[in-house]
Each structure stands twice: as structure tokens, then as C-alpha cells.
Amino acid sequence: MLHERATAQSLGILRAAVYTIWLGDLLREPITDLKNLPVWMFEPLGVLKLVPSMAWPVVFSPLFLIALKLVLLGLLVPLVLGRGPYRLLSVTAVCLLIFWQGLTRGMLGVVHREMAILYVTMVLALSPAADAFVWRGRPGTKDAGDRSRADTAKLDVYRAALMIATLVYTLTYAAVGVRRLTAAGPGIFFDGTILRYLVIRSAEPGWWADGAGLQVLTHPWLSWLVQAAFPVVTLAEILAPPVLLDRRFRLAWIVIIAVFHVMSWGMMQIFFLQNILLMPFLLHEWAPAGHDKTRLAEANRASYGADGVEVG
Amino acid sequence: MALVFDVLAYGTLLLLVLTRRPLRAALAGLESWRRVALLALVLAVPVGQMIHKSEWTYPFVAWAMYTDRRPANVTWYEYSLVTSDGVEQPWPVAHEFSRLGKRVVWKLRLLEEAASTEQADRLLSHLAARSQVTHSGQPATAVRIWSCTLPVIPGATPAATTRTLRRTLVL
């Protein structure tokens, strides 16, 4: 099963990757976009309903939005590096990320692009993801960090965290596929619905003019290809969770879904960048036990045979 | 019926994965609070989906993508600004924003197609007041909302789009 030989290093790599992706997202996010929208449009979602309504004009002020961005930056950098009080930083970061993502969704409606990585981040906040793969500072200086906190007694935690993170990531795909069948039935694959989605996403004014999705109207082979791919992609979405179980199925799934994401970007101007970036870290076994050359691997080999297979 | 199918689908998928020995063994080795929290997180995703009320369950939202069976003609809206000197110019609303432009346009479409256009009017008025698009230097006095329809049939091109004035919003 995927991640059954994971180590603290494996989980640490995921931690660094996830928080780096958030960092990139935050740096690209122009806070000014939100301040240009009227506060009356905002309808708090879910946990954000706990915030008193009188606070929202303050929240959507430029000063607050910039402060929120700076605080998040201040949290994400040590989380990437694995420094500082990890549990405090990660839980705070999750709360603020939920808050930040809730602001745009409360204004403009729920979109899904950042939700999978948000769920993975929640798993990281529940796990000791800074026990390894941490920046220790320059050797010999007072800035040098502690020795690795990786603990062979916590291997179950590292492995469970990675498996659960991958499971929640794949469940978001399964949710999309299952809903498509329950809401629309199999007929949706035969009535040209996907073509109409491509056309409207391409024709509706956005940053790109006349997106590639309009090509389905003038290229019958492309229209046929998209309609044939629609049920295949839906099936792959529904069967996402079993990627944890079989390597060959996982590879096939990655190819189908990666192609789907790239085509969605080109033809519908919808790009799940975070999901694509997460794939190599969730769907591949990094630093498994038996292949790690650090001191932890030597400790692991006391429990595992030299070939990395568990003994006893 | 849909709920039954949902429960069966998610139940099958979760049982398939959660009953695997490596995962069971890893979960068994956790502190009970951590095990409960992780499993609660796993269940929250499909439960949020099945409740299907994101406004209450956020961050565990409903996931519905490409589920509406659409009519054969697709319709979207474009906007133009009319200035005080009577000059009309196209108004690319999405360009008023760095990253949220497409979502704002999508929101405007939903508001335009709602039972009442009051919220669409309020948002358009707000955006027009902040718009920097009026190159003539004259303030905008009205927004024209154009309905654009394109039939999704083989051979259709963007030139087949019919564009009609849906309404005029006086600012």
C-alpha cells in the first residue's frame, strides 16, 4: 500500500511541499481584488458565521487584508522550514487559511481549487510533520537547530498521516465523480453537456479571449474526443481512493487526471494548480524506510531488515 | 435515492481503503485523539458533500462540477459603459481584477439570472463607480447588459453569436 514504508522524512517532505505551495499562492494573491468588492456581497460560510457581522467591514479593509497576508507569510515560512513550535504554527495556519479562503468564497461563491490542499494541510496540523526534513541553520552557529526529532516509535503516525492525507485528497475527486452521476445520471455523457461547459467557459469574458474550448465546435474530432473522455475521467474520479492500493492503477490514474487538468486549463480556463503540484508528493513514496541514508535509516534497520522489509 | 447511492459509493470506497492491513496497523498505533481526529477528517469530506449545503458546512463543501445538463444554446453576458457624452465603450469587467476577474463575471451571471436583478444592479453600480475604463475622461452614466447566445452545434463559430441588449442600468 502506498506510504506503508513512510518515515518522518517522507512526512516532512510533504509538509515542506504543502506549505511552499501555500506560500506561492499567497504571494500571487493580490489582496486588492477583495477590497474592490462591496462588503454587502459577502455571506459568511460555515465556521465564518461565528464572526460577528460588524467585523466584516474591518476585515475587508485594505489594512486588515494586508495584515492577514503578512501574518500568513510569517507563519508559512517557518512551517516550510520546519522550525519553531510546529503544532502551534500549523494549527494557527490552518485556521487562518480556512478564514482566508472563506473570504473569497463568501463573496463570489464556492469554488474548489484550494480545498483539497486545505484538507491535506489539516492532516499535517494533526501530525508531527516537522520531525524531519527541517532546516537546521548553518552548522556551528547558534542558529543551528535541534537534531532530528524523528522517532522510530512514531512510524505509525507518519504513515497514517500520509495515507490519510492521500485519502482525503483522492476523496475530493471521488466526490466530484459520484455527484455527477447522482445529480445528472449517465445521460449527461450523451447529451453534449460537456461541450456546452467548454463553450461557455471559453466564450464568457475573462482574462483569455476566445478560449480553446470553442474549437470543439469547428473540429469534430476534438468534440468526439472530449465527449469520449468525459465518462473516462468521471470513472477515474470516482475510483481515486484505490490509487493507494495498486501502483499500476495509480500510474494510470495520474496520467488520466493530469491530462484532464491540463485540458481543463487550456479549454475552460480552470486550473487546479495546487492539485497537480500535490500529486508527486502524495502519490509517490518519498524517503521510504530502507532507502534513507540518514541516521534514522540506520535506526530503522534495527527494526527492519537491510532490504527495508519489516522484521518480526 | 441519490443519498443511498452516495452512501453506498463512499462506504465502498472507504471500506476498500480503511480495511487494508497497513492502514489499520498504522491507525492502531496512534493515540486515540489523533486517530479520531484523522478519521473524522476523512468522514467530513463525504458528509459535507452529502449534506450539500456549503454555506453551512464550509470548509467541507459540496463538490458539484459539470453536473448541470445545459440547454443547447449557451448564454453569457457582456457589458458596456455609456459616458455622460453619450459614448459607449466595451467594459471588460474581469480586467478590473488581477485574479478574481473570471469569478466576478461568473457571479454577475448568476445574479443576472436570478429572480430579481437588484443585486446585479448594485454590484454593477459599485464596479462602474470604481472603473478606470472610461478613457474619454467622462464619468459613466449607464451600464448596458448584453445577452450573448451561441448555439452549440457542429460548425458554429464565434461569429454565430447573437448579441442583444438585455437591459440598461442607469447609474
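Trainee: What do the buried residues of helix 2 of chain B pack against?
Mentor: They pack against helix 7 (155-184) of chain A, and also against helix 1 (2-18) and helix 3 (32-51) of chain B. Contact means heavy atoms within 4.5 Å. Helices (H or I, at least four residues) and strands (E, at least two) are DSSP runs, numbered from the N terminus. This is a predicted model: local features need pLDDT of at least 70, side-chain atom pairs count only at pLDDT 80 or more, and totals for chains, interfaces and linings use all residues. Residues are numbered from 1 along each chain as its sequence is written, chains are lettered from A and ligands numbered from 1 in the order in which they are written, and side-chain values use heavy atoms, without hydrogens and water.

Trainee: Which residues of helix 2 of chain B are buried?
Mentor: Leu23(B), Ala26(B) and Leu27(B). Buried means under 20% relative accessible area, exposed over 50%, partly exposed in between (1.4 Å probe, protein chains only).

Trainee: And which exposed residues are on the face turned away?
Mentor: Arg21(B) and Ala28(B).

Trainee: New topic: in what order do the four strands of the chain B sheet come?
Mentor: The order is 2-1-3-4, in an open sheet with antiparallel pairing. Two strands pair if DSSP finds at least two bridges between them.

Trainee: Which strands stand at the edges?
Mentor: Strand 2 (88-90) and strand 4 (162-170) of chain B; each has a single partner strand, so one side of each lacks a neighbour in the sheet.

Trainee: How many bridges join strand 1 to strand 2 of chain B?
Mentor: Three. Val82(B) is opposite Glu88(B) of strand 2 of chain B.
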